[in-house]
Amino acid sequence: MTDTRIIAVVGATGAQGGGLVRAILNDPEGGFAVRALTRNPDSDKAQALAADGVEVVEADLDDVESLKRAFAGAYGAYCVTNFWELFSAEKEKAQAKNLAEAAKVAGLQHVIWSTFTDTRDRLPITDERMPVLQESYNIPHFDAKGEANEYFSEAGVPTTFLVTSFYWENFISFGAGPQRGEDGVLALTMPMGDKPLPGVAAEDIGKTAYGIFKAGDAYIGRTVGVAGEHVTGAAMAKAMTDALGEEVRYQDVPADTYRSFGFDGADEMGNMFQYKRDFSEFYVGRRDIEEARRLNPELQTLRQWLDENAKAIPVN
């Protein structure tokens, strides 16, 4: 197709970007082609994409000139940063600023920025309900992305702000899954009380982003939330009980207790769950499941995701 529109995908070998890459590849008549951005084009994942016919280019989020080259000639871009690789809100903002600058220079017609809410809009850091992290943030990986929204707006980049949710995959690879207690029973521990947690399969973020690109100009300037389901801790434990074939209890704990667990990022995660609990109506309200399903008809509930992935959840 001579009018094929190229989407430059940041994080093409990762969870969100990888989902978008597969969505585009699975729709060969959709009018889009993929340009995968990666720091290491020789990696196994990058080489696998190249074998599937994807254009793979080298780019580094810390190098704005490499991003300008990678975006050149593209129609649009999917932009995402990975706080958990950096553990620094300031570095994440610097990378986002590079993405916005490169998108402007390249004249991209549609950018999707994967973002979160800046929690300081509702919870000033002078509020003593949770500890301040990295000197200026409640939840650095939320606040930095939310603050970075302005980089795209101020640069005049035509942007859709895609507000994401807790990955169901965190139960597999992030240590958020059920842990076996001294009594031998599995427990899913979160300081969420009885409030629902918006969650999503990582693949569905990419599929929803593809739906936004297909919808085009109608979504420029808009904020779209994506979640597959809003599920309470008790309902998550019940779904896991059914999927794993043994009892999983929901264990609600105070946020201070969760922050004291001692793993890397425990304070960050404790603040995150507390915010989602204390501002539940707002947080859930930002994620319209029906709109996400219109963009991605294959959007999965937790039980649907568990049907395919429960065996991968590590339980001892």
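This report covers the sheets and helix contacts of a predicted model.

Strands pair through backbone hydrogen bonds, in either a parallel or an antiparallel sense. In this model, seven strands form an open sheet in the order 3-2-1-4-5-6-11. Its pairing is parallel. Strand 3 (55-58) and strand 11 (223-225) are the edge strands, and each of them pairs on one side only. From one strand to the next, the twist averages 20°.

Six bridges link strand 1 to strand 2 (residues 32-38), and the two run parallel. Within this pairing, I6 has A33 of strand 2 as its bridge partner. I7 stands opposite V34 of strand 2. Strand 1 also runs parallel to strand 4 (residues 76-79), joined to it by three bridges. Here A8 has A77 of strand 4 as its bridge partner.

Helix 1 (residues 15-25) belongs to this part of the model as well. Together with strand 1 and strand 2, helix 1 makes a β-α-β unit, and that unit is right-handed.

A second open sheet has three strands, in the order 7-10-12. Its pairing is mixed. Strand 7 (166-167) and strand 12 (229-231) are the edges, each pairing on one side only. Strand 7 runs parallel to strand 10 (residues 197-200), with two bridges between them. F166 stands opposite G199 of strand 10.

**Helix pairs**

The angle between the axes and the distance between the axes describe two packed helices. The table gives both for two pairs.

| Helix pair | Axis angle | Axis distance |
|---|---|---|
| Helix 3 (residues 64-71) and helix 5 (residues 89-106) | roughly 40° | within 8 Å |
| Helix 9 (residues 233-244) and helix 14 (residues 302-309) | about 30° | 10 Å |

Take helix 3 and helix 5, whose axes cross at roughly 40°. Helix 3 is therefore oblique to helix 5. The crossing is right-handed. Helix 3 contributes V64, L67, K68 and F71 to the contact. Helix 5 contributes N98, L99, E101, A102, A103, V105 and A106. By class, this contact has eight nonpolar, one polar and two charged residues.

Helix 9 and helix 14 pack at an angle of about 30°. Helix 9 is therefore roughly parallel to helix 14. Helix 9 passes helix 14 in a right-handed crossing. On the helix 9 side, the contact is made by M236, K238, A239, M240, D242 and A243. On the helix 14 side, L302, R303 and L306 take part. The classes here are six nonpolar, no polar and three charged residues.

**In brief**

Definitions and conventions
Residues numbered from 1 in each chain as written. Predicted model: local features only at pLDDT ≥ 70, side-chain atom pairs only at ≥ 80, totals over all residues. Heavy atoms only, no water. Axes fitted to C-alpha atoms, helices over the stretch in contact; angles between N-to-C directions. Helix = DSSP H or I, 4+ residues; strand = E, 2+ residues; numbered from the N terminus. Parallel < 35°, antiparallel > 145°, perpendicular 65-115°, else oblique. Left-handed = near helix turned anticlockwise from the far one by under 90°. Contact = heavy atoms within 4.5 Å. Nonpolar A, V, L, I, M, F, W, Y, C, P; charged D, E, K, R; others polar. Pairing = 2+ DSSP bridges. Right-handed = clockwise from strand over helix to strand, strands pointing away.
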